[in-house]
Amino acid sequence: MSVRPIIDAGPGLNFLSINKERLLIAVLGPLSAPETVRDEVLRKSWQDERFRAAAAVWRKLTGRWIQILTDDVTPELATVVQRISGLPMAERMKHGKDLGEIMVIAHAVVAAESGEPVTVLIDDGPGAAIAASEIQRLRRLGSSGASVGSITLASTLTVLGRAAGTEHLPDRAAVRDTYRRLRELDDGLPPIEKTNLLSDTPWP
């Protein structure tokens, strides 16, 4: 049985804030998140009115639909955190910037190194780059005969692309509306015309 997809705070906040948690779970399945990500989601939901709905949705989902991964220091987790961040885990945990995505990737790598396939949901550019580097590293290990699993990198665009044409995004108008609402929360998302969301799906 594979590890649940591990989500970063950014896309988690965005989907939950616009009450699209059912879409997210329909595409990825039951989710997991490090404690650091949980704390970031709850903190930002109180700090920023735009994310206010996320805290209530998160609490409703926690347990059955969102499993919380402990960030307690283990030898395996500490090794990965130090390699990808350049700092000992105890030191890195003191710095909040980008910590959520570091822990998402670290948990995924530990699972993959134990032989599991795991998906991570990350939108941030630097975080996605670190994840891509770890994906290549695992592939090299596998090619050299090591018994390892794999990491699949997903993004908000991945999730929306898989949902397009389903009951959650049945037509182009639904895609446009959902994407507009997400972009209002995340200006890192490109204009929809620069994506393939409206063209890749065989709309009826």
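Reader: Where is Lys-20 found?
Author: Lys-20 sits in the loop between helix 1 and helix 2. Bear in mind that this is a predicted model.

Reader: And which residues is Lys-20 in contact with, leaving aside its neighbours within four places in sequence?
Author: Those are Phe-15, His-168, Thr-178 and Arg-181.

Reader: What separates the C-alpha atoms of Lys-20 and Val-57?
Author: The distance is 9.7 Å, for two residues that lie 37 residues apart along the chain.

Reader: Moving on to helix 2. At what angle do helix 2 and helix 9 pack?
Author: About 85 degrees, with the axes 9 Å apart. Helix 2 covers residues 21-28 and helix 9 covers residues 156-163.

Reader: Roughly parallel or roughly perpendicular, then?
Author: Roughly perpendicular, because angles of 65 to 115 degrees are counted that way.

Reader: Which residues in helix 2 and helix 9 meet?
Author: Helix 2 brings Leu-23, Leu-24, Val-27 and Leu-28, and helix 9 brings Val-159, Arg-162 and Ala-163. By class, that contact has 6 nonpolar residues, no polar ones and 1 charged.

Reader: Pockets next. What volume does the largest pocket have?
Author: About 530 Å³.

Reader: How many residues line the largest pocket, and which lie nearest its centre?
Author: The lining has 26 residues, and Asp-8, Gly-10, Glu-40, Lys-44 and Asp-124 are the ones nearest the centre. Elements giving two or more residues to this lining are helix 1 (9-17), helix 3 (35-47) and helix 7 (99-113).

Reader: Which helix gives the most to that lining?
Author: Helix 1, with 5 residues.

Reader: How many of the lining residues are nonpolar, polar and charged?
Author: There are 9 nonpolar, 6 polar and 11 charged residues in the lining of the largest pocket.

Reader: Back to Glu-40. What does Glu-40 form with Lys-44?
Author: Glu-40 and Lys-44 form a salt bridge, and their closest N and O atoms are 3.2 Å apart. Both residues are also among those nearest the centre of the largest pocket.

Reader: How many residues apart are Glu-40 and Lys-44 in helix 3?
Author: They are 4 residues apart, so about one helical turn separates them.

Reader: Last one. How many salt bridges does the structure hold?
Author: The structure holds 13 salt bridges, and the pair Glu-40 and Lys-44 is one of them.

Terms used:
Residues are numbered from 1 along each chain as its sequence is written. This is a predicted model: local features need pLDDT of at least 70, side-chain atom pairs count only at pLDDT 80 or more; totals for chains, interfaces and linings use all residues. Side-chain values use heavy atoms; hydrogens and water are left out. On a 1 Å grid over the protein atoms alone, a cavity is a set of points where a 1.4 Å probe fits but cannot get out, and a pocket is an open set with protein on both sides within 12 Å along at least five of seven lines; lining residues have an atom within 4 Å of a point. Grid points are joined across faces, edges and corners, and a volume is the space filled by probe spheres set on the points. Ala, Val, Leu, Ile, Met, Phe, Trp, Tyr, Cys and Pro count as nonpolar, Asp, Glu, Lys and Arg as charged, and the others, Gly among them, as polar. Axes are lines fitted to C-alpha atoms, for helices over the stretch in contact, and angles run from 0 to 180 degrees between N-to-C directions. Angles under 35 degrees count as roughly parallel, over 145 as roughly antiparallel, 65 to 115 as roughly perpendicular and the rest as oblique. Contact means heavy atoms within 4.5 Å. A salt bridge is a side-chain nitrogen of Lys or Arg within 4 Å of a carboxyl oxygen of Asp or Glu.
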